[in-house]
Amino acid sequence: SGRFIYGAGSYRVAEEMMTGFFRKLDNMDAVLAEGSVIERLRRDHPGFLDPFVANAACVYNPAARETLRRIYRQYIDIGLAAGLPVMILTPTWRGNPERIENAGLSGRPVNLDCAVFLKNIRNEYPDFSRNIFIGGLMGCRGDAYNPKEALPPDEAYRFHKTQAGELAEAGVDFLMASTLPSLSEALGMVRAMALFGECIVSFVIRGNGELLDGTPLTEAVQEIDASVRVKPAGYMVNCVHPKIFREAIENLREGEAVLKKRLIGLQANTSEKSPEELDGSPALITEDPGAFAVMVDDVRRSCGLKIVGGCCGTDNRHLEKLAYLIAREGKSAQRFGKEPY
């Protein structure tokens with residue numbers, strides 16, 4: 001029938017869905033990914049975050065919804081000013097069915113509502129909307145910084161395919177699994193996302209080039225690529241400082257060919273502390289936006305990355321500096337104007 005039937009819903013087969021962004025990505029020099037979202041809410045508006053679904057619940061609270069809208073618009077405005085395509089992610093990192101039920105939201109289409117929320121923001125930019133790409137964001141079931149909680153592949157596939165299907169049905173431009181600490185759960189998540197097309201997979205790594213579970217990044221990429229018919233469009237790293245990222249790449253020189261071909265992006269922290277040290281830290285650990293931007297742009301150019309943005313510790317100031325450096329090199333520099341701040 002040309003349809004993939006899942007539960008009570010039906011979704012188009014992988015080849016028919018979510019290919020536009022990745023086709024365009026091949027012809028883009030750089031894409032500006034969003035900066036911190038959940039962490040900005042945690043430090044400035046902690047009451048807006050639900051203990052189970054985090055910022056997904058914001059779409060049901062008028063004050064929280066407007067605050068979230070302002071954060072996303074800040075990042076889009078920076079890309080617009082710089083003439084750079086922008087990648088924003090649905091606030092669904094914790095939007096799996098288990099957490100939705102625990103949050104008392106099982107009667108609501110949370111993933112759909114979060115996707116529509118971002119689509120409505122995109123519609124506020126009629127002349128720039130074709131340069132705003134919405135990713136359906138997914139996360140691991142347990143603690144993103146504790147690989148011991150990671151699901152085995154088959155269980156992860158069963159656990160995550162509902163959310164993958166809901167986000168795909170909502171019409172996002174692509175699916176993305178982010179802040180993954182282990183290979184095992186990533187294998188299952190990619191199988192689930194591959195039902196609907198290409199995706200992006202983003203790991204947390206250490207300076208030795210290994211995932212938090214000890215798997216070298218190159219081995220994780222190769223094993224995932226070999227496990228699915230529809231391979232991820234590319235791999236990213238997030239929640240690490242650009243210095244740690246560079247150190248990791250230098251420690252993976254034996255896999256340089258693999259990484260050059262498959263590693264496409266970085267969403268960087270502003271702190272060199274380990275993920276375990278940063279997780280739940282009551283104090284903001286940040287650094288000068290200009291220094292951060294220089295380091296991220298340097299690894300972007302040296303590693304041939306397509307997508308760069310921010311993670312913990314970042315906000316619009318860090319993204320503005322980064323966008324300025326990228327735009328200065330390209331045709332859009334004159335559109336950006338003078339260096340911000």
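## Serine 178 and its surroundings

Leaving aside residues up to four places away in sequence, serine 178 touches Trp93, Leu137, Met138, Gly139, Ser202 and Asn238. The model in which these contacts are found is a predicted one, and in it serine 178 has its place in strand β6, which covers residues 174–180. Because its relative accessibility is 5%, and buried means under 20%, serine 178 counts as buried.

Two polar contacts involve the side chain of serine 178: with the side chain of threonine 179 there is a polar contact of 3.3 Å, and with the side chain of asparagine 238 there is a polar contact of 3.4 Å. Asparagine 238 is also among the residues that serine 178 touches.

## Helices α3 and α13

Two packed helices are described by the angle between their axes and the distance between the axes. For helix α3, residues 62–82, and helix α13, residues 316–329, the axes come within 9 Å and cross at roughly 20 degrees. Angles under 35 degrees count as roughly parallel, and α3 and α13 are therefore roughly parallel to each other. The crossing in which α3 passes α13 is right-handed.

## Residues where the helices meet

On the side of α3, the residues that meet α13 are Gln74, Tyr75, Ile78 and Ala82, while α13 contributes Asn316, Leu319, Glu320, Ala323 and Ala327. Taken by type, the residues in this contact of α3 with α13 divide into 6 nonpolar, 2 polar and 1 charged.

Conventions: Residues are numbered from 1 along each chain as its sequence is written. This is a predicted model: local features need pLDDT of at least 70, side-chain atom pairs count only at pLDDT 80 or more; totals for chains, interfaces and linings use all residues. Side-chain values use heavy atoms; hydrogens and water are left out. Axes are lines fitted to C-alpha atoms, for helices over the stretch in contact, and angles run from 0 to 180 degrees between N-to-C directions. Helices (H or I, at least four residues) and strands (E, at least two) are DSSP runs, numbered from the N terminus. Angles under 35 degrees count as roughly parallel, over 145 as roughly antiparallel, 65 to 115 as roughly perpendicular and the rest as oblique. A crossing is left-handed if the near helix is turned anticlockwise from the far one by less than a right angle, and right-handed if clockwise. Contact means heavy atoms within 4.5 Å. Ala, Val, Leu, Ile, Met, Phe, Trp, Tyr, Cys and Pro count as nonpolar, Asp, Glu, Lys and Arg as charged, and the others, Gly among them, as polar. Buried means under 20% relative accessible area, exposed over 50%, partly exposed in between (1.4 Å probe, protein chains only). A polar contact is a pair of N or O atoms within 3.5 Å; within protein, one must be able to donate a hydrogen and the other to accept it, and residues adjacent in sequence count only if both atoms are side-chain atoms.
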